[in-house]
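Reader: Could you walk me through this structure, starting with its pocket?

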Amino acid sequence: MNIILISSQSAQAKKIVLTKLHLAIFTGALLTIVLLLALSLNFFSLRYADRIEAPVLKALLVSPQEKRHQKIQSQLHDNLSVMAAKLGEMQAQLLRLDAVSAQLLEISELESDDFMLDQLPGQGGAYTGMHTEALSFARFERELQTLSVMLEDRSDKLSALEMLLRGERLSKRVMPSVMPIETDWYSSGFGFRRDPFTGRRAFHEGVDFPAKTGTPIRATAGGVVVYSDRHSEYGNMVEIDHGDEMISRYAHASKLHVEVGQVVTQGQKIAEVGSTGRSTGPHLHFEIRHKDVPQNPSRFLKKPD
């Protein structure tokens with residue numbers, strides 16, 4: 001390539017000859033300059049783009065790669081926020097499961113050391129590299145959602161089981177089952193017998209427990225006192241309503257320790273043995289009545305071990 005330079009101040013023209021070597025050097029220098037400018041812009045966009053106030057200049061300096069990076073970071077931040085909220089829900093569900101589990105252990109009267117609720121269950125085994133794969137974020141999110149649903153389902157089922165066990169335990173506490181006094185035998189059973197006063201065959205609606213005067217009489221189950229006064233035949237008598245039309249009766253007492261309307265618990269002292277009313281000597285006449293029909297107390301009472 002020949003370049004001819006003509007000047008008005010010089011009568012002689014100048015001629016420059018450009019060879020392929022010159023063109024290659026020029027092209028290389030131009031590309032080097034462009035590359036240096038690109039690297040400089042990239043450096044300033046990464047280091048000083050957040051300090052630039054001018055929107056136009058900032059838009060020129062921030063590269064598309066940086067914009068994609070910011071978009072990815074924003075998406076990751078949103079996903080982590082969602083996962084953090086889900087993790088908080090799962091922690092609350094685990095706390096609820098721990099509380100329900102502790103209550104179930106208490107109701108079932110099992111030893112808490114056998115279950116070690118405050119420790120993680122042991123795991124182990126030999127490691128094998130076969131069939132292993134990295135856990136992707138999408139799969140981790142799906143498994144986290146599945147685990148959350150499982151925890152909620154288990155929590156609901158355990159809560160229902162707790163209600164059933166509590167209901168059963170409550171039924172046992174309000175069912176006359178413990179002995180009213182500390183003794184292993186009774187002097188007169190339930191059913192027909194010779195009346196001690198008339199000598200005739202008569203039906204005995206309860207059982208008689210002989211004991212010394214002043215021996216504590218205890219409630220066979222929890223309930224509400226519906227009668228605590230003197231009776232013409234039973235003498236000093238206490239009646240306790242246990243619900244479901246079930247009543248226990250304690251007669252011939254020497255002293256009464258409860259009042260009408262008072263709530264008593266199983267095993268609580270309610271009176272003392274005596275010989276008041278139609279009685280031949282110190283003893284406790286005990287009855288259980290369901291819908292005002294006398295029941296055989298031996299079907300309900302359990303002797304102490």
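**The pocket and a glycine**

Author: The residues that line the largest pocket divide into six nonpolar, eight polar and seven charged, where Ala, Val, Leu, Ile, Met, Phe, Trp, Tyr, Cys and Pro count as nonpolar, Asp, Glu, Lys and Arg as charged, and the others, Gly among them, as polar. This is a predicted model, in which local features need pLDDT of at least 70 and side-chain atom pairs count only at pLDDT 80 or more, while totals for chains, interfaces and linings use all residues. Residues are numbered from 1 along each chain as its sequence is written, and side-chain values use heavy atoms, with hydrogens and water left out.

Reader: Ok, switching topic, where does Gly274 lie?

Author: Gly274 lies in the loop that runs between strand E11 (269-273) and strand E12 (283-290); strands (E, at least two residues) are DSSP runs, numbered from the N terminus.

Reader: And is Gly274 buried or exposed?

Author: Gly274 counts as buried because its relative accessibility is 1%, and buried means under 20% relative accessible area, exposed over 50%, and partly exposed in between, with a 1.4 Å probe and protein chains only.

Reader: What does Gly274 touch?

Author: Leaving out residues up to four places away in sequence, Gly274 touches Thr213, His252, Ala253, Ser254, Gly281, Pro282 and His283, a contact being heavy atoms within 4.5 Å. Gly274 and Ala251 are 23 residues apart in sequence, and their C-alpha atoms are 8.7 Å apart in space.

Reader: How much of the whole chain counts as buried?

Author: Of the 305 residues of the chain, 27% count as buried.

Key
Helix = DSSP H or I, 4+ residues; strand = E, 2+ residues; numbered from the N terminus.
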